[in-house]
Amino acid sequence: MKRKRWFLFIFRLLLFTSVISVFILCFTIFIMQTNAKKNIDVSQMEIKLVDVALQEKIPIEKFKGQVSKVVYLTFDDGPNESTNQILDILKKERVSSTFFIVGSMVNEKNENILKRIVEEGHYLGSHSMTHNYQLLYKNKTYVHEMLKVQKIIQDVTGVESTLVRSPYGSYPGLIKEMRDDAVKNQLKIWDWTIDSLDWSLMGEPEKILANIKEQTKKDIEVILLHDRKTTAEVLPKIIQFLRSQGYVFKSYNEQDHFPLNFWNDERL
Ligand SMILES: [Zn+2]
């Protein structure tokens, strides 16, 4: 009898230990799995955040070896009463772009718009002082005017800016003599690949959108727009369309400069 009891005691002890062991093992596995799952979730979230940041900032063709289409939205003729409205939309849509400002438009009341452009990650370039064809191309004040706007940009924002946009486009006005002068003064000059014709379509936002849709074809597009009320109105639809076509939005970046002028002058 005594031996049988002893045996029963040992049996129960073993059973108890086994149950406890299995329980501890299961619990450990459960905890490990939960932690692993947490880690995966966090790292995936981080990748997503990095994706968004990179899309806006670095040349997308270098991102994970994949080529994406890139679009540069450019806004000319500001600063004016529409510039802040455009900046609000770009901020909401998380889109970077490029503004080419006219020096004579800048005054003490609106120079905070220049600061805002820079602070919100857009590129600030020059678009002459006078916007006057005769003066710029016949009297050849082009380079002088651009340098003057660059000085204004630097005084107001502290940023040294090299890219300029020629009023009315660089062709045919910007003859070789002036381009040589531009090169000597380290100017870079961008025309565009898509003309939205928005300046001539006040109150006709759908026509602006249609113009862009019709011309959007290449892997890299530079769209000419202006700081205008109708342009601001249709801007969310323009962004939506370009996104649906697989484009990512970039602001001009001096390190990734490529020549884009109607003269095909590789120096600019
Ligand atoms: Zn202009």
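Which residue just after helix 2 takes a positive phi? I looked, and R94 does, at about 55°.

Ground rules first. I'm working from a predicted model, where local features need pLDDT of at least 70, side-chain atom pairs count only at pLDDT 80 or more, and totals for chains, interfaces and linings use all residues. Residues are numbered from 1 along each chain as its sequence is written. Helices (H or I, at least four residues) and strands (E, at least two) are DSSP runs, numbered from the N terminus.

**Helix 2**

I checked residues 83–93 for burial and noted T83, I86, L87 and L90 as the buried residues of helix 2. Buried here means 20 or more other C-beta atoms within 10 Å of the residue's own; exposed means 12 or fewer, and partly exposed is in between, with C-beta atoms placed from the backbone. Looking down the axis of helix 2, I found its buried residues within an arc of 100°, so they line one face of the helix. (The arc is that of the directions from the helix axis to the C-beta atoms.) An α-helix has 3.6 residues a turn, so residues three or four places apart point the same way. Next I asked what covers those buried residues: the cover includes strand 1 (69–78), helix 3 (111–119) and helix 8 (229–244). Contact here is C-beta atoms, placed from the backbone, within 7 Å.

**Strand 1**

Eight of the 10 residues of strand 1 are buried, so the rest of the structure largely encloses it. I then went through its partners, where pairing takes at least two DSSP bridges between two strands. With strand 7 (residues 220–226) strand 1 pairs in the parallel sense over seven bridges, and Y72 has V222 as its bridge partner there. With strand 8 (residues 247–249) I noted a parallel pairing over three bridges, where K69 is partnered by Y247. Strand 2 (residues 98–101) also pairs with strand 1 in the parallel sense, over four bridges, and T74 has T98 as its bridge partner. From strand 1 the chain crosses through helix 2 to strand 2 in a right-handed β-α-β crossover: with the strands pointing away from the viewer, the path from the first strand over the helix to the second runs clockwise.

Most residues other than glycine have a negative phi, and most peptide bonds are trans. I found a cis bond from G78 to P79, with omega near 0°; P79 sits in the loop between strand 1 and helix 2. L197 isn't a glycine, yet has a positive phi of about 55°. With 16 C-beta neighbours inside 10 Å, L197 counts as partly exposed.

Note on methods: Contact = placed C-beta atoms within 7 Å.
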